[in-house]
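Let's take a friendly walk through a structure together. Have your viewer ready, and keep the sequence at hand as we go.

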Amino acid sequence: MNARPFDFARGALLPIALVTLWQAWVMLAGPSRAPVPTRVALAAWDLVASNELPMALLQSVGRVFGGFAVAAALAVPLGLAMGTSARVERALDPLVESFRPIAAIAILPLAILWLGTGTAAAVAIVAYAAFFPIVINTVAGAQRVPATLLRAAATMGLGRAATLRTVVIPSALPSIGTGLRIGMGVAWTAIVAAELAVGAKAGGGGSGGVGQMMFVYYAYSIELNRIVVCMIAVGLVAFALDRLIRGALAFAMPWTAR
């Protein structure tokens with residue numbers, strides 16, 4: 001008997017209970033400006049039917065993937081170099097650790113000044129945010145390669161490049177995967193915060209993303225129900241992106257899948 005429908009039902013119990021409590025609280029509290037589940041559902045229908053929300057999410061997701069790709073392309077090779085060479089680590093670790101505590105949103109003014117309020121600035125912020133979790137986990141993975149494997153590779157006469165390709169990278173893949181998964185979550189948080197902070201239409205003229213949409217509903221029309229719809233959409237997309245990364249990692253490393 002397939003247990004997945006029952007697992008799905010169990011997972012849906014808590015959200016349903018929370019929504020029920022939310023609706024009951026609003027009904028008992030009387031008229032207020034608080035968002036109401038029924039009105040949130042109607043607002044969600046309007047935003048989806050008008051294609052506003054899907055287009056905003058699509059633009060935000062596109063920026064996230066662009067910045068995430070840049071971060072991964074830079075962080076993985078750099079992390080492998082730092083993890084396999086003490087000299088490289090001594091040279092670069094102070095720089096990485098100095099910039100790592102600086103939140104991505106803190107570089108927003110510089111990004112806007114240099115790159116404008118378009119997609120380039122958003123991609124730069126995402127790349128900055130995702131870079132550090134990926135590089136830190138890659139370094140940790142490369143440094144955890146068993147010494148016996150490295151000695152065996154040396155005994156077999158493998159050069160540095162061959163050892164890196166056949167020993168270090170396969171051993172470090174689980175840690176790299178963890179860094180990629182964390183980096184994607186941080187990237188999504190960064191793009192929403194950046195779009196919300198910019199509060200202006202950006203990109204190719206279609207939409208400034210879901211963060212900009214939330215800003216407009218807050219600053220100009222104070223549509224709380226629509227803001228809640230955007231918040232729920234942000235959470236659902238974050239869940240979907242995490243599942244996407246986990247699926248890709250399970251495909252690339254089936255021995256780690258559970």
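Is Glu 195 buried or exposed? With a relative accessibility of 5%, Glu 195 counts as buried, since the cut-off for that label is under 20%. Before we look at its partner, bear in mind that this is a predicted model. The average pLDDT over the chain is 82, and 86% of the residues score at least 70.

Now for the partner. Glu 195 forms a salt bridge with Arg 63, and their closest N and O atoms are 2.7 Å apart. Because Arg 63 sits in helix α3 and Glu 195 in helix α8 (residues 160-198), the pair ties together parts that are 132 residues apart in sequence. Arg 63 counts as buried too, at 2% relative accessibility.

Beyond its neighbours within four places in sequence, Gly 211 is in contact with Val 192, Glu 195 and Leu 196. Gly 211 belongs to helix α9 (residues 209-221), and its relative accessibility of 0% makes it buried. From Gly 211 to Leu 196 the C-alpha distance is 4.2 Å, although 15 residues separate the two in sequence.

Let's return to α3, the helix that carries Arg 63. In general, the packing of two helices is described by the angle between their axes and the distance between those axes. Helix α3 (residues 52-84) and helix α6 (residues 119-143) have axes that come within 6 Å and cross at roughly 35°. The crossing is right-handed, and the contact of α3 with α6 has 21 nonpolar, nine polar and one charged residues.

How much confidence goes with each part? Within the chain, α3 has the highest mean pLDDT, 92, whereas helix α1 (residues 4-29) has the lowest, 68. Over residues 200-206 the pLDDT stays under 50, and the model has 20 contacts beyond four places in sequence for that stretch.

Finally, back to charged pairs. The structure holds six salt bridges, including one between Arg 100 and Glu 97 at 2.8 Å, N to O. Both of these residues are partly exposed, Arg 100 at 42% relative accessibility and Glu 97 at 28%. Another salt bridge joins Asp 242 and Arg 243 at 3.4 Å. Here Asp 242 is buried at 19%, while Arg 243 is partly exposed at 40%. Through salt bridges with shared partners, Arg 181, Asp 242, Arg 243 and Arg 246 form one network.

Note on methods:
Residues are numbered from 1 along each chain as its sequence is written. This is a predicted model: local features need pLDDT of at least 70, side-chain atom pairs count only at pLDDT 80 or more; totals for chains, interfaces and linings use all residues. Side-chain values use heavy atoms; hydrogens and water are left out. Axes are lines fitted to C-alpha atoms, for helices over the stretch in contact, and angles run from 0 to 180 degrees between N-to-C directions. Helices (H or I, at least four residues) and strands (E, at least two) are DSSP runs, numbered from the N terminus. A crossing is left-handed if the near helix is turned anticlockwise from the far one by less than a right angle, and right-handed if clockwise. Ala, Val, Leu, Ile, Met, Phe, Trp, Tyr, Cys and Pro count as nonpolar, Asp, Glu, Lys and Arg as charged, and the others, Gly among them, as polar. pLDDT is the predictor's confidence in each residue, from 0 to 100. Contact means heavy atoms within 4.5 Å. Buried means under 20% relative accessible area, exposed over 50%, partly exposed in between (1.4 Å probe, protein chains only). A salt bridge is a side-chain nitrogen of Lys or Arg within 4 Å of a carboxyl oxygen of Asp or Glu.
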